[in-house]
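Dear colleague,

I am passing on a structure that you have not worked with before, and I would be glad if you read the notes below alongside it.

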Amino acid sequence: MNRKLVFVHGRAQQGKDPAALKGEWLEALGEGLRRIGVDRLPIDAADVAFPYYGDTLRDLDHGVAPDASAPVVVRGLAAGAPDEAFLAAVVEQAGRAAGLDEDAVAACLEPGAGSRATTRTRGPLNWEWTQALLAALDRYVPFASGASLALFTRDVYRYLHQARLREAIESGVRAAFTAEREMVVVAHSLGTIVAYRLLRQAGELAGWKVPLFVTLGSPLGIQEVRRELADADTLRLPRCAGAWFNALDERDVVALYPLDPTHFPLDPPAPAIENYRGVRNRTENRHGIAGYLDDPEVARRIHAALG
């Protein structure tokens, strides 16, 4: 029996047609295959599952569009709120990874904030400094978006901490998995966290068989995300997975780090995650799924696993 391909999407897919989204993913993957001289996947489109949870996140905001909710997130939540601290810590890491120095960030402080954002209080304890970091990402880092990073981080936090939201997302995605057929799982962005949790916690019990787990533009290496997952269970290759291939564009401010022993230490350490840093994502923010799936090496790995 042919293997099955399961796509797990990320955030910002609300209000979209799942069938159209699946078509976009397949079109991008098809472009990657053509770049290596392959005409098509070795499976039919009917063997490709695309579980959709985009509207679940939208409904949490009561239908508010991301562009409307972004200013609220960027301006900050209640002082000392744990989600604000989580966001601030991620933004701090993004600034370091992008090479932003203190002078660049200070230049983006709003008038009157400079005296309050002293060296002693910079970082997660000072929201004005975090706002300046988001502005500096916009100003100095090509293709980065402070608002997009803030929204992404907010959604990651909510998924990790709000049990009802997490259960709603995971139940919908889990329905695409089966023990009857081997599955190649390809996940992007927030979807890599969703897929990892499902494979790690449910895959073995459910008898899933995943010869290859592919993560694209993954935030799993971010310290705060890694810590949340490690607190719940040991970080390791899901036992139902035969191999893990992680691809990133080093200009992608969501995929800050490779999933290596430093940023995602597995226990046991072998088999290790294979990291591929050669993606040159063509999308506007260097994080879009089309710019990952049309990469020739990514397409080659998926095709080989399905064959």
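A crossing of two helices is called left-handed if the near helix is turned anticlockwise from the far one by less than a right angle, and right-handed if clockwise. Helices here are DSSP runs (H or I, at least four residues), numbered from the N terminus. Please keep in mind that this is a predicted model, in which local features need pLDDT of at least 70 and side-chain atom pairs count only at pLDDT 80 or more, whereas totals for chains, interfaces and linings use all residues. Residues are numbered from 1 along each chain as its sequence is written, and side-chain values use heavy atoms, with hydrogens and water left out.

Two packed helices are described by the angle between their axes and the distance between the axes. Axes are lines fitted to C-alpha atoms, for helices over the stretch in contact, and angles run from 0 to 180 degrees between N-to-C directions.

The pair to begin with is helix α7 (residues 146–161) and helix α9 (residues 190–206), whose axes come within 10 Å and cross at roughly 20°. The two are therefore roughly parallel to each other (angles under 35 degrees count as such, over 145 as roughly antiparallel, 65 to 115 as roughly perpendicular and the rest as oblique), and the crossing of α7 and α9 is right-handed. In contact terms (heavy atoms within 4.5 Å), Phe-152, Val-156, Tyr-159 and Leu-160 of α7 meet Leu-190, Ile-193, Val-194 and Arg-197 of α9. Of the residues in α7, 13 of the 16 are buried, so this helix is largely enclosed by the rest of the structure; buried means under 20% relative accessible area, exposed over 50%, and partly exposed in between, with a 1.4 Å probe and protein chains only.

Glu-170, which lies in helix α8 (residues 163–174), is also buried, with a relative accessible area of 8%. Leaving aside residues up to four places away in sequence, Glu-170 touches Tyr-159, Val-194, Arg-197 and Leu-198.

Elsewhere, helix α1 (residues 18–35) and helix α12 (residues 296–306) pack at an angle of about 95°, with their axes 8 Å apart, and are therefore roughly perpendicular to each other. Their contact is made by Leu-29, Gly-32, Leu-33 and Arg-35 of α1 together with Pro-296, Ala-299, Ile-302 and His-303 of α12. Also in α12 is Arg-300, which counts as partly exposed at 38% relative accessibility. Arg-300 and Ile-36 are 264 residues apart in sequence, while their C-alpha atoms are 7.3 Å apart in space.

With best wishes
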